[in-house]
Amino acid sequence: MLRVAIQMDPIEGVDIESDTTWLQAMEAQNRGYPLWVYDFRTLALEDGRLFCRARPVTLRQQRGDHVVFGDWEKLDLGSDVDVILMRQDPPFDMAYVTATYLLETVHPHTLVVNDPAEVRSAPEKLLATRFPGLQPPTLISADPVALDDFHVRHGDVVLKPLHGAAGSGVVRLKAEDPNLGALIEIHAAASRDPLVIQKFVPAVSKGDKRIILIDGEPVGAINRIPAAGAVRSNLRVGGVAAPVELTDRDREICAAIGPTLKDRGLIFVGIDVIGDFLTEINVTSPTGAQQLKRFTGVDAAALMWDVIERRRAA
């Protein structure tokens, strides 16, 4: 029996019909694992031991009344639990990075999913650049001259924050659009991070495919279709989920990246594919598992726990 702590945003606020962390937690409970939840802000490192303030939870599939909390406890994450799910949502900022450093002090004695050092080393829009030939033309830079040059050369482009998530800040700029400079200035006023500029892929109108990989192997996909005239297809900003099959190109992409994901301890990953192109490799708190189960019957959460059980037993 595994003892499981979940580092996540408040569980009382999740949508139990669509949230992937909820599906993972329910599967753990169904397997008889004791569960605790905690906020990463309660992590505390003292004399080489990592603690958090956590609450045991009992879950039930009842909207609006889906969680029962036990009393607050001080957990020693190096000895009181066997597995930690790192599932809080981005932004991937220094607070997030610091949480990976802290969790690294207990991993792999306590198995952290995904491996915190590898999460830190795999910013989601940067990791995709390690696989030549899979992405559309892409530039990552904070230099206005380089960004403008890319826009001139490629015309119709998409601009997005390097460490953004859920479609936040994504803008399409057509050829000769005069607003690039102003957008760069607005971003620079709020952040020193680079921007990503990418050649626009017209196939996005047919959907942005989310493919879930477990331990480097694709287990299924959903399509996220943007609203008419929109660029962003993320479910949190109005995209609609639909069933979809994996294509030969999807499998080619997964075969190219899967061994690296497995070797790096990235057990639960969601990649984004538009047309024939890989756009992101999501390793922080990938979504889409509930929709995948609804459309296909494939339970990515159960497959994830199967892998975790094998690793803990090894």
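Is C254 buried or exposed? C254 is buried, at a relative accessible area of 2%, where buried means under 20%, exposed over 50% and partly exposed in between, computed with a 1.4 Å probe on protein chains only.

1. **Before you start.** This is a predicted model, in which local features need pLDDT of at least 70 and side-chain atom pairs count only at pLDDT 80 or more, while totals for chains, interfaces and linings use all residues. Residues are numbered from 1 along each chain as its sequence is written, and side-chain values use heavy atoms, with hydrogens and water left out.

2. **Cysteines.** Like C254, which is buried, C52 counts as buried, and its relative accessibility is 1%. The disulfide count is 0, a disulfide being a pair of cysteine sulfur atoms within 2.5 Å.

3. **Helix α1 against helix α9.** Start with α1, residues 20–30, and α9, residues 300–313. Helices here are DSSP runs of H or I with at least four residues, strands are runs of E with at least two, and both are numbered from the N terminus. The axes of α1 and α9 come within 9 Å and cross at roughly 55 degrees. That makes α1 oblique to α9. For such angles, under 35 degrees counts as roughly parallel, over 145 as roughly antiparallel, 65 to 115 as roughly perpendicular and the rest as oblique. Axes are lines fitted to C-alpha atoms, for helices over the stretch in contact, and the angles run from 0 to 180 degrees between N-to-C directions.

4. **Handedness and residues of that crossing.** On the α1 side you will find L23, Q24, E27 and A28, which meet A301, A302, M304 and W305 of α9; contact means heavy atoms within 4.5 Å. The residues in this contact of α1 with α9 comprise 6 nonpolar, 1 polar and 1 charged. In this sorting, Ala, Val, Leu, Ile, Met, Phe, Trp, Tyr, Cys and Pro are nonpolar, Asp, Glu, Lys and Arg are charged, and the others, Gly among them, are polar.

5. **Helix α1 against helix α8.** With α8, residues 289–296, the axis of α1 comes within 7 Å and crosses at roughly 75 degrees. That makes α1 roughly perpendicular to α8. Here T20, W22 and L23 of α1 meet A289, Q290 and K293 of α8. This contact of α1 with α8 has 3 nonpolar, 2 polar and 1 charged residues.

6. **Around Y38.** Which strand holds Y38? Y38 lies in β2, residues 35–38, and is buried at a relative accessible area of 4%. A5 is 33 residues away from Y38 in sequence, with 7.3 Å between their C-alpha atoms. Leaving out residues up to four places away in sequence, Y38 touches A5, I6, Q7, M8, L43, C52, R53, A54, L77, I84 and L103. One of these contacts is C52, the buried cysteine from point 2.

7. **Around L261.** Helix α7, residues 248–263, contains L261, which is buried at a relative accessible area of 1%. Beyond its neighbours within four places in sequence, L261 contacts L127, L213, G216, L266, V269 and I281. The C-alpha atoms of L261 and P116 are 13 Å apart, for a separation of 145 residues along the chain.

8. **Two cis peptide bonds.** One joins H107 and P108, with omega about 5 degrees, and P108 sits in the loop between α2 (94–104) and β8 (111–113). Another joins V113 and N114, with omega about 0 degrees; N114 sits in the loop between β8 and α3 (116–120).

9. **Positive phi at two aspartates.** D47 is not a glycine, yet has a positive phi of about 50 degrees. D47 belongs to the loop between β3 (44–46) and β4 (49–59) and is exposed at 74% relative accessibility. D215 has a positive phi near 55 degrees and is likewise not a glycine. The loop between β13 (208–214) and β14 (217–225) holds D215, which is buried at a relative accessible area of 11%.
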